[in-house]
Amino acid sequence: MHTHKLILISSLILVLCFSCKKQKTTDVIKEKEKSAVERVDKKEAITSLSQKMSNQYEKAKQDFLADSDDIDNIIWYGRRTAYLGKYKEAIEIYSNGIKKYPNEARLYRHRGHRYVSIREFDKAIHDLEFATTLIEGKENNIELDGLPNAMNIPVSSLHGNIWYHLGLAYYLKNDMKKAYHAYLNCRNLKSNDDNTVSSTNWLYMIQRRMGNEDLARELLDSITNDMTIIENTSYYNLCRFYKERITIDSLHTGKDAPQDDATRYGIANWFLYNGNKEKARVLLQEILEGKSRSSFGYIAAESDFSRYFGE
């Protein structure tokens with residue numbers, strides 16, 4: 001299918017060249033072909049993913065309707081609903097589930113996450129704090145991914161996600177001490193390298209925000225060059241940048257991708273706590289011009305822009 005598209009694109013370019021009666025170099029024509037193909041491929045990938053997510057949502061909904069008391073059906077119906085951007089509907093699903101299972105930590109973990117998505121941080125903190133009491137003394141379990149990574153290997157756990165999202169909610173409220181405590185509990189789980197780099201990134205930023213540069217640098221001791229990172233490459237690269245192992249120019253970023261928002265926010269934040277507020281303002285504004293409104297980098301940029309540069 002891609003071969004046919006390449007032929008059509010090439011033909012179109014040649015027609016335009018002749019109609020404009022301008023001579024194009026071979027390099028220019030190849031560049032136009034490459035650009036057009038990338039646009040087609042990206043569009044097809046997005047369409048395919050969207051259809052897959054819709055199909056998964058429909059299956060989760062049917063499973064839930066067949067047995068609405070099954071805890072896994074409740075959770076996956078809520079998760080699949082949230083993946084489509086229907087955060088308030090997902091919250092309602094979890095709330096109804098909590099009425100049936102008031103001591104099920106997973107329901108508070110997921111509802112807390114989606115309260116963050118709709119910027120209701122106090123409610124998120126309430127849910128996630130309660131979830132920490134429910135998991136106390138209990139075995140930690142890996143959480144299956146609703147949107148699997150390229151290797152299809154889950155890298156997060158129930159306990160890790162509870163502490164991680166709690167830390168984020170406190171961070172967004174600018175309660176850095178409690179955010180630090182939560183992220184430290186997350187990192188102390190020592191579940192895998194992905195968990196280490198994601199939590200360390202926030203821990204470092206928190207201590208820099210609090211003016212504790214020495215402690216921030218000590219937190220980077222756990223970051224090495226031989227870590228096995230499956231999913232959180234953006235956080236890993238940011239940590240290596242903080243540690244001066246790579247340059248800021250090597251942190252490639254783009255628009256409208258959640259993982260890129262994480263990198264772009266890390267860079268903007270770095271300028272902010274290093275005293276270059278104008279550069280930070282420009283970079284935060286660029287994030288807010290993107291479309292990934294539910295990414296953590298976007299939400300953090302939104303909170304910071306309002307706090308430091310709002311009218």
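Student: Which residue caps the N-terminal end of α3?

Tutor: D70 does, with a side-chain oxygen 3.0 Å from the backbone nitrogen of D72, where a polar contact is a pair of N or O atoms within 3.5 Å, one able to donate a hydrogen and the other to accept it, residues adjacent in sequence counting only if both atoms are side-chain atoms. Bear in mind that this is a predicted model, in which local features need pLDDT of at least 70, side-chain atom pairs count only at pLDDT 80 or more, and totals for chains, interfaces and linings use all residues. Residues are numbered from 1 along each chain as its sequence is written, and side-chain values use heavy atoms, with hydrogens and water left out.

Student: And is α3 mostly covered or exposed?

Tutor: Mostly covered, since eleven of its 13 residues are buried, meaning under 20% relative accessible area, with exposed over 50% and partly exposed in between (1.4 Å probe, protein chains only). Helices here are DSSP runs of H or I, at least four residues, numbered from the N terminus.

Student: New topic: how many aromatic pairs are there?

Tutor: The structure holds 17, counting Phe, Tyr and Trp rings (the six-membered one for Trp) with centres within 6.5 Å; planes under 30 degrees apart are stacked, over 60 edge-to-face, and the rest tilted. One of them is the edge-to-face pair of Y164 and Y183, 5.3 Å centre to centre with 85° between the planes.

Student: What does that pair tie together?

Tutor: Y164 lies in helix α7 and Y183 in helix α8, so the pair ties together parts that are 19 residues apart in sequence. Both tyrosines, Y164 and Y183, are buried.

Technical notes. Helix = DSSP H or I, 4+ residues; strand = E, 2+ residues; numbered from the N terminus.
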